[in-house]
Number of protein chains: 2
Amino acid sequence: MNSLLVHTAWELRKLLAELRRPGVALGLVPTMGALHAGHGRLIEQARGDCGLVVVSIFVNPIQFNRQDDYERYPRTLDADLSFCKARGVDIVFAPSIEEMYPGRQRTFVEVERVSEKLCGKFRPGHFRGVATVVTKLLNMVQPDLAYFGEKDAQQLAVIRRMVRDLNMPVEIVAAPTVREPDGLAMSSRNQHLNAAERQVAPALYQGLRAARDLIRRGATDPEEVRKAALAVIAEQPLLRVEYLEIVDPEEMQPVKTITGPVRVAVAAWLGSTRLIDNVLCEADTA
Amino acid sequence: MNSLLVHTAWELRKLLAELRRPGVALGLVPTMGALHAGHGRLIEQARGDCGLVVVSIFVNPIQFNRQDDYERYPRTLDADLSFCKARGVDIVFAPSIEEMYPGRQRTFVEVERVSEKLCGKFRPGHFRGVATVVTKLLNMVQPDLAYFGEKDAQQLAVIRRMVRDLNMPVEIVAAPTVREPDGLAMSSRNQHLNAAERQVAPALYQGLRAARDLIRRGATDPEEVRKAALAVIAEQPLLRVEYLEIVDPEEMQPVKTITGPVRVAVAAWLGSTRLIDNVLCEADTA
């Protein structure tokens with residue numbers, strides 16, 4: 001079956017009014033396009049859970065803190081449509097900027113504390129932009145379930161907190177990070193890497209695995225774990241680490257001692273490309 | 001018919017799932033209780049438009065910038081229930097603070113610019129608290145229509161802008177201010193006035209009417225209009241004006257020249273009670 005492509009909230013509403021059935025779950029997979037296997041995983045999961053699946057494709061200007069990053073973000077709508085069609089997506093919602101922000105946007109959703117550290121510190125306004133556009137998309141689609149990848153762990157934590165705090169009538173479903181065979185987390189930004197950068201990029205995940213191994217074996221001092229992970233990454237001098245932190249998975253605050261599940265999260269630059277990755281880990285109890 | 005009283009989001013959801021019918025409009029009248037004829041007007045309007053009417057009663061702590069104001073805000077739940085019952089309200093939703101804010105609230109909805117002047121300037125955080133709790137209530141009830149009074153004109157402008165900017169699937173309906181025979185706008189706070197204060201309180205509306213008369217007759221200089229209104233109010237020395245401004249009705253910004261419809265808005269103190277009022281006006285074109 002063909003995926004139906006709509007560009008306006010009005011067409012979307014009309015289509016959903018036709019296609020929604022009581023008792024049939026509606027799933028939304030919000031994306032910025034340039035779809036890859038990570039998105040594929042989200043769509044598959046939505047397809048398994050829901051009778052009706054909507055994928056939104058919108059490169060959201062208000063979540064970019066740098067204009068050049070916004071401009072060079074990959075846009076591949078034709079390929080994205082084939083990708084969605086091949087995976088049985090019912091509706092692709094690809095609004096224009098004018099459709100999403102017809103006037104001056106005055107209203108913003110802020111998730112304090114959870115947004116504060118990690119990417120929030122280095123990309124001011126980023127999570128405000130994410131929370132705001134996700135709120136808009138949830139209100140437009142009114143899905144029963146919405147799907148987000150664990151690769152963007154802080155984004156996931158922000159959205160979960162927002163949905164809970166604002167009593168949004170939707171269930172947030174997380175899907176695990178999909179990786180290349182050499183461990184690099186799938187990301188639309190990977191296509192910006194040149195050959196040399198692409199070759200060293202997996203060192204990020206190697207650093208995270210080193211951290212996870214230490215934590216599994218009982219390390220409780222985050223500073224010790226950080227140093228070990230950073231040492232692995234430092235073997236690739238092309239990689240410039242922006243942050244590497246060990247945080248609690250709910251509020252994304254650096255922990256003083258590792259006593260339960262934590263997320264080890266990293267951001268690093270390779271040339272002019274910024275990559276992020278993370279792993280959830282805790283001590284082996286066996 | 002008795003109004004059904006529920007205290008939790010869970011009971012509310014269960015009840016709405018039972019009572020909602022396709023094609024039957026659901027109306028929400030959000031209130032802080034201490035219901036008076038102004039609320040009565042909102043309920044009447046909702047009752048006329050909707051097959052199912054929910055009134056929420058919740059004194060929202062996060063919209064009070066002063067703890068003493070929050071504490072002495074009138075709470076009259078039994079009288080409010082009779083009031084709702086007499087007007088054919090289907091459901092009264094009266095949640096506890098713990099129900100509305102079970103954890104630490106981290107997520108806030110901010111409406112910039114519209115929230116900035118007038119009450120926004122003198123009650124820092126007030127409209128952030130209003131926008132946040134209204135978002136929560138709209139998500140809990142999921143009404144087709146929601147009703148707000150014009151007495152709180154800036155609140156109305158903030159909510160309208162929020163709903164538009166965040167694509168919330170609800171229609172906002174405004175109902176006109178209801179006044180005592182002597183012109184005083186109905187307010188839950190009027191019951192705090194002592195006899196002397198109550199007697200001079202209508203001077204606020206008299207000032208607004210003086211402004212409206214000037215504007216109707218073609219005055220275009222807001223400063224001239226302000227002075228005339230303030231002179232009327234100043235005849236009652238008990239009234240201490242906090243602000244009196246002539247603003248555009250959408251973004252609530254003071255206008256430089258009166259060229260179209262404007263709102264004249266005033267806030268004033270009578271002893272320890274703060275009152276607000278406003279009128280919408282424009283030049284007679286006849």
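User: Before we start, what should I know about the numbering and the confidence limits?
Analyst: Residues count from 1 along each chain as its sequence is written, while chains are lettered from A and ligands numbered from 1 in the order in which they are written. The model is predicted, so local features need pLDDT of at least 70 and side-chain atom pairs count only at pLDDT 80 or more, though totals for chains, interfaces and linings use all residues.

User: Why are α10(A) and α11(A) called roughly antiparallel?
Analyst: Helix α10 (residues 203–216) of chain A and helix α11 (residues 222–234) of chain A pack at about 150 degrees, with axes 8 Å apart. Helices here are DSSP runs of H or I with at least four residues, strands are E runs of at least two, and both are numbered from the N terminus. Axes are lines fitted to C-alpha atoms, for helices over the stretch in contact, and angles run from 0 to 180 degrees between N-to-C directions. Under 35 degrees is roughly parallel, over 145 roughly antiparallel, 65 to 115 roughly perpendicular, and the rest oblique. So α10(A) and α11(A) land in the roughly antiparallel class.

User: What makes the contact of α10(A) with α11(A) nonpolar, polar or charged?
Analyst: Contact means C-beta atoms, placed from the backbone, within 7 Å. Among the residues that meet are A:L208 and A:L214 in α10(A), and A:V225 and A:I233 in α11(A). By class, the contact has 13 nonpolar, 2 polar and no charged residues. Ala, Val, Leu, Ile, Met, Phe, Trp, Tyr, Cys and Pro count as nonpolar, Asp, Glu, Lys and Arg as charged, and the others, Gly among them, as polar.

User: How do you know that β9 of chain A pairs with β10(A)?
Analyst: Pairing takes at least two DSSP bridges between two strands. Strand β9 (residues 262–270) of chain A has 9 bridges to β10(A), and the two run antiparallel. A:V266, for one, stands opposite A:D277 in β10(A).

User: What makes β8 and β10 of chain A edge strands?
Analyst: The open sheet has 3 strands in the order β8-β9-β10. β8 (239–247) and β10 (273–281) each pair on one side only.

Methods. Two residues are in contact if their C-beta atoms, placed from the backbone, lie within 7 Å.
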